[in-house]
Every structure is written in structure tokens, then in C-alpha cells.
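Subject: Structure handover

Hello,

Here is the structure for you to look over. My notes on its pockets follow below it.

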Amino acid sequence: MPKILIIGACGQIGTELTKQLRAEYGTDNVIASDVRKTDPEFVASGPFEVVNALDFNQIEHTIEKYGVDEVYLMAALLSATAEKNPAFAWDLNMNSLFHVLNLAKAGKIKKIFWPSSIAVFGPTTPKQNTPQYTVMEPSTVYGISKQSGERWCEYYHNIYGVDVRSIRYPGLISWSTPPGGGTTDYAVDIYHKALENGEYTCFLSEETRLPMMYMDDAIRATIEIMKAPAENIKIRSSYNLAAMDFTPKEITEAIQQELPEFTISYEPDFRQKIADSWPQSIDDTCARTDWGWKHEFDLATMTTDMLVHLRELKHND
Ligand code: AKB
């Protein structure tokens, strides 16, 4: 059984990843960590350490304390937040990665998961069925940091033999954890507002198509790529990964199947420009071929599942 450390465990992906890894590997084998103890219930649910992803010594100390084999580095500033604080975004997104890569290079950990994003692509990238290998000129600080990170992951693998694995996540949608400052966050908020108010004002325009994925699929992909035999992981920068793509108008229509009175209005803000620079759909053939990736949820099945869980949550409040 590997000992696992999750850095940034209190975020949107980290919370659900921690739960699933603990279900598969046992609570005591999965150490959650974050820069602060935000949710007392989560902190009490298993081993937890306060770790600042920018503090090499703190990461090293935690790895030695628990005899950690694998690190999932989930701490990052996402696209919208990063645009408001570019210097800190660059610092956090790059230096946390260097810390973990250098610990693996020194032989202190065996395997790393590091998330990349569709934000590595930019306005000059082909927008439909964006290939694994194509023009990449990201125009956001988040995208620039993720593209640079991908290059470093591949470099550390090729030069130092570091076993680092990565996925380019699309927008992620989850009922149980709030999103963390991204451009795709509207696709989570819309479900909450549909149930609470019956109306939603969207910060992207109605025809803005973006690649998206339900959190259940994203967590499964993350664990599957980490479990795959090393020789199957042929791409050591990051894999394209896809499940669905839709516009605000289409997600509204899916919600209206269950809540016919639901209405949407549009007030695009600075995030529109970010969304316009990203792909509309992704070709993830390499992930499907190399390590058997297969998505389960589409817009209709995700919408049904989201509304069932959110209704339950509201009922229990
Ligand atoms: C964001 O919107 O910044 C993220 C992402 C696509 O990486 N959800």
C-alpha cells in the first residue's frame, strides 16, 4: 500500500480526491495537507498536516514523518484568480512543482501527480477537437504556468527519471465542493442558483463552448493514471482528457428538463476573454489508447446527478 500525501487537499479537487484515495488505500495511508485548516470536519476525518506548498522544508518534513511514496500536488491559483495576482500565481504554481520534482529527483518520493489544464492552449490553438500535440500559446498567467510546468515535468522525467504523471483537466463540476476561482466555475454555480432562486446571471455569453467533466470522472481519471503501469504513460508532459463540452445555453436547457421555470441572463465579464482563448472541445485519443481512459458522465446524466445530490443537501440543511 503506498503512503500518499495530498498537497492542497482542501480545494475543489483535493477534497474529493482525499475521500476516494482513503476509500481505496485506507484512511491512515492518505495524508491530507493544506496551507490552513479550513473545514474542521474534513481535518478531523483522517491524518492532516498544515503544509504551505511554497515551503520546501515543510513538504520534506511531512514526507519523512509519514514515509510518503506518492504526492498529489493540487495547490494552485486557477485562471480567474491568477489574473488578479499574476506574480503570486507564478510563484505558487511553479515553485510548489519544483519542490515536489526536486524531492522525487533526490529519491525521497517515488511518484507525483500534477494537474495541468486546457488553459495550456491559447487563441492560436485549433479550437475544435484540440489535438494532444498542437500550437500552444497560452494568454493567461495560469496557462503560462501550466505550460511551463508541463515542460519541466517532461524534463525531470527524461533527465532524472522522475515518475511524474499529469492530466489537462477541463472545467470540473461537482455538487459537494465549491469551485476555486476558475473561468469554468459558472457551470457549478448555475445548478446551485437554479435550485435556490430559479434564475442565474452568467459571466460568460450564451454561446461560449468549453470542455467540461463531472468530478466523479475526473477523480477516477486521476487515480487511474497513477495506477497505470509506468510503461503505459508515454506522455510525461500532460494528457488531454475529455468527457463533454457545452455552452451556457445548453446547460440551461439540460437544467430546464427538470426545472422548466429556470431562467438565465448573461453579463459577460473579464472571464469571457479567457474562455474565448481556450479550446471548445478536446481530442483525448492518447489517454484512451495509452492507459484506457473512458468517461462515464455526459451533460444529461451529470445534470440529473447534480440535482439529486444538491436537493438532498438542501433538504438536510
Ligand atoms: C479554470 O477555469 O481555471 C479551471 C481550468 C479549466 O483549469 N477550471
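**Second largest pocket**

The second largest pocket has a volume of about 330 Å³; please keep in mind that the model is a predicted one. Of the 14 residues lining this pocket, Glu16, Gln20, Trp175, Ser176 and Asp216 are the closest to its centre. Three elements each supply at least two residues of the lining: helix 1, helix 8 (215-227) and helix 12 (299-316). Helix 8 has the largest share, with four residues. Sorted by class, the lining of the second largest pocket holds seven charged, four nonpolar and three polar residues. Domain 1 (4-170 + 215-240) and domain 2 (172-212 + 244-279 + 297-316) both contribute to this lining, so the second largest pocket lies between them.

**Largest pocket**

The largest pocket contains about 1200 Å³ of space. It is lined by 50 residues, of which Gly11, Gln12, Met74, Ala76 and Gly180 are the closest to the centre. Elements giving two or more residues to this lining include helix 2 (40-43), helix 4 (79-84), helix 5 (86-105), strand 5 (111-117), helix 6 (141-160) and strand 7 (171-173). Helix 1 (12-25) is also one of them, and with five residues helix 1 gives the most to the lining of the largest pocket. The lining divides into 25 nonpolar, 18 polar and seven charged residues.

Regards

Definitions and conventions
Residues are numbered from 1 along each chain as its sequence is written. This is a predicted model: local features need pLDDT of at least 70, side-chain atom pairs count only at pLDDT 80 or more; totals for chains, interfaces and linings use all residues. Side-chain values use heavy atoms; hydrogens and water are left out. On a 1 Å grid over the protein atoms alone, a cavity is a set of points where a 1.4 Å probe fits but cannot get out, and a pocket is an open set with protein on both sides within 12 Å along at least five of seven lines; lining residues have an atom within 4 Å of a point. Grid points are joined across faces, edges and corners, and a volume is the space filled by probe spheres set on the points. Ala, Val, Leu, Ile, Met, Phe, Trp, Tyr, Cys and Pro count as nonpolar, Asp, Glu, Lys and Arg as charged, and the others, Gly among them, as polar. Domain bounds come from an automatic or database domain assignment.
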